[in-house]
Amino acid sequence: MSEAGQIESLREEVLAGLSRRPRAIHCKYLYDARGSELFERICRTPEYYVTRADLALHESHTPEFSRMIGPQAHVIELGSGAGIKTHRLLASLEAPRAYTPIEISAAALARSARELESAFPEIEIRPLQADYTRPIDSDALTLDPPARRRIVYFPGSTISNFDHDEARDFLARLGRMAGAKGAILIGVDLVKPVDRLLAAYDDAEGVTAAFNRNLLERLLRELGAEVEIDAFAHEARYDEALERIEMHLVARRPTRIVVDGETFEFDNGDSIHTESSHKYSVASFNALAEQAGLKSQKVWFDPDGLFSMHWLVADA
Ligand SMILES: C[S@@+](CC[C@H](N)C(=O)[O-])C[C@H]1O[C@@H](n2cnc3c(N)ncnc32)[C@H](O)[C@@H]1O
C-alpha cells in the first residue's frame, strides 16, 4: 500500500471511528514506524509477559514445529513485526522454499526483511507490505513452481485483537490461504488473573501509554489534525464478560479533535477504544477454530502455562 493510500485509509477510519459510539479507531493504526519501535520496547518491559512466554515456548518446541512443517515449505507470516521468533523458526526448517512476511508497518517490514535476507541468503524472502484485514492478492503468495505446502504462521497472539466473530472469519480465511495440504501455526494468549493482564497493558514505565498516544500523534503528523495530546490518558480495562483487555484513550478534561474541518467534542471521561486483546482457554480457542472449519491437531505451552501455540488444519 502506498504512503498516500495509508494516510487516506487512516483519515477515513478516524472520521468514521470518532463519529460512532462507542468511539473506536482500529488497532492496526497503532503501528507506524514509531508505533513498531514502541511495540518492541513494550515486549521488553517486565510486565509484558506475552513475548517472553512466546519466545520460551518457541525455545522448547521449535524442533517439533520444524518436524511437523517438513521440507520445502512456504512460510507466510502475518504481522511479522521484528521477526525474532521467525528467525528461530526459519533456522530450524529443512530447506524452506520461501518466506513471505505480511506487515502493515513499512519500517518494521523493511528492517526485518533486511535482517532475514542477510541471515538466510539461501531462502527466498518475499516481503509484502499490506493490511491483512483486507483481501491479499493471491498472486503475491503464489510460487512457481508451488511449494510442497504452505504454513501460515501467526505468533504473538495478534489474533486476540479481533472480536470473536471477526476472528472466526479471519481464521477461515487463513485456512483458505494455507490450502488443503497446508497448516496454520498460531499463538494464543491464555486467560489469567486480571491484575497480571492489566499490568501487562499498562507498564510502570509508561511505554504502553506512549504506544497508545502515538495514535494521536499520527493524527497530528499525518492528517494535520488539531488534537491536545496531553488531554488524553492511556487506560487499560478488563471486560470480564468478553474476557478481553481493552486499551482506551480517555479525555481528562473537555477537549476536541478537529480533522478535515470536522470537530469531535470530548467531555471529561469520554474515551476512544484503540485496541482489544481477547484471552482464550484452549477449549474456547478450539471452539472458535471449529466454527472456522478448522481442527486443532496439537497445542504447545510455554513452561509457565501462560501462552499457547496451536497447529490448525482444515477440518475435512
Ligand atoms: C502484536 S504485534 C506482534 C508482532 C510479532 N508478530 C510478535 O509476535 O512479536 C502485531 C504486528 O502485526 C502488525 N499488524 C497489525 N495489524 C496489521 C494489519 N491489519 N495488517 C498487517 N500487519 C498488521 C503490526 O504492525 C505488528 O508488527
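Predicted model: local features only at pLDDT ≥ 70, side-chain atom pairs only at ≥ 80, totals over all residues.
Start at Glu 226. Its bridge partner in β10 is Val 258. Glu 226 belongs to β7, which covers residues 226–227. β7 and β10 pair in the antiparallel sense, over two bridges.

Now step across to the next strand. β10 runs over residues 255–259, and it pairs with β11 through five bridges, again antiparallel. Thr 255 has Phe 266 of β11 as its bridge partner. Ile 257 stands opposite Phe 264, also in β11. In a regular strand, side chains alternate between the two faces of the sheet.

You get an open sheet of three, in the order β7-β10-β11, with antiparallel pairing. Which strands stand at the edges? β7 and β11, at 262–266, do. Each has a single partner strand, so one side of each is left without a neighbour in the sheet.

Next, helix α5. It takes in residues 106–119, which is 14 residues. At 1.5 Å a residue, the helix should span 20 Å. Its end C-alpha atoms are 20 Å apart, so expectation and model agree.

Which residues of α5 are buried? Ala 108, Leu 109, Ser 112, Ala 113 and Leu 116. An α-helix has 3.6 residues a turn, so residues three or four places apart point the same way. Turn to the other side of α5, and Arg 114 and Ser 118 are exposed.

What covers the buried residues of α5? The cover includes two helices, α2 at 33–43 and α4 at 84–92. It also includes the strands β2 at 98–103, β3 at 124–125 and β4 at 128–129.

Last stop, Arg 148. It lies in the loop between β4 and β5, and β5 covers 149–154. Is Arg 148 buried, exposed or partly exposed? Partly exposed: 15 other C-beta atoms lie within 10 Å. Buried would take 20 or more, and exposed 12 or fewer.

Leaving aside residues up to four places away in sequence, Arg 148 touches Gly 70, Pro 71, Gln 72, Ala 73 and Arg 97. Take Arg 97. In sequence, Arg 97 and Arg 148 are 51 residues apart. In space, the distance is 8.2 Å, C-alpha to C-alpha.

How values were computed:
Residues numbered from 1 in each chain as written. Pairing = 2+ DSSP bridges. Helix = DSSP H or I, 4+ residues; strand = E, 2+ residues; numbered from the N terminus. Expected span 1.5 Å × (residues − 1). Contact = placed C-beta atoms within 7 Å.
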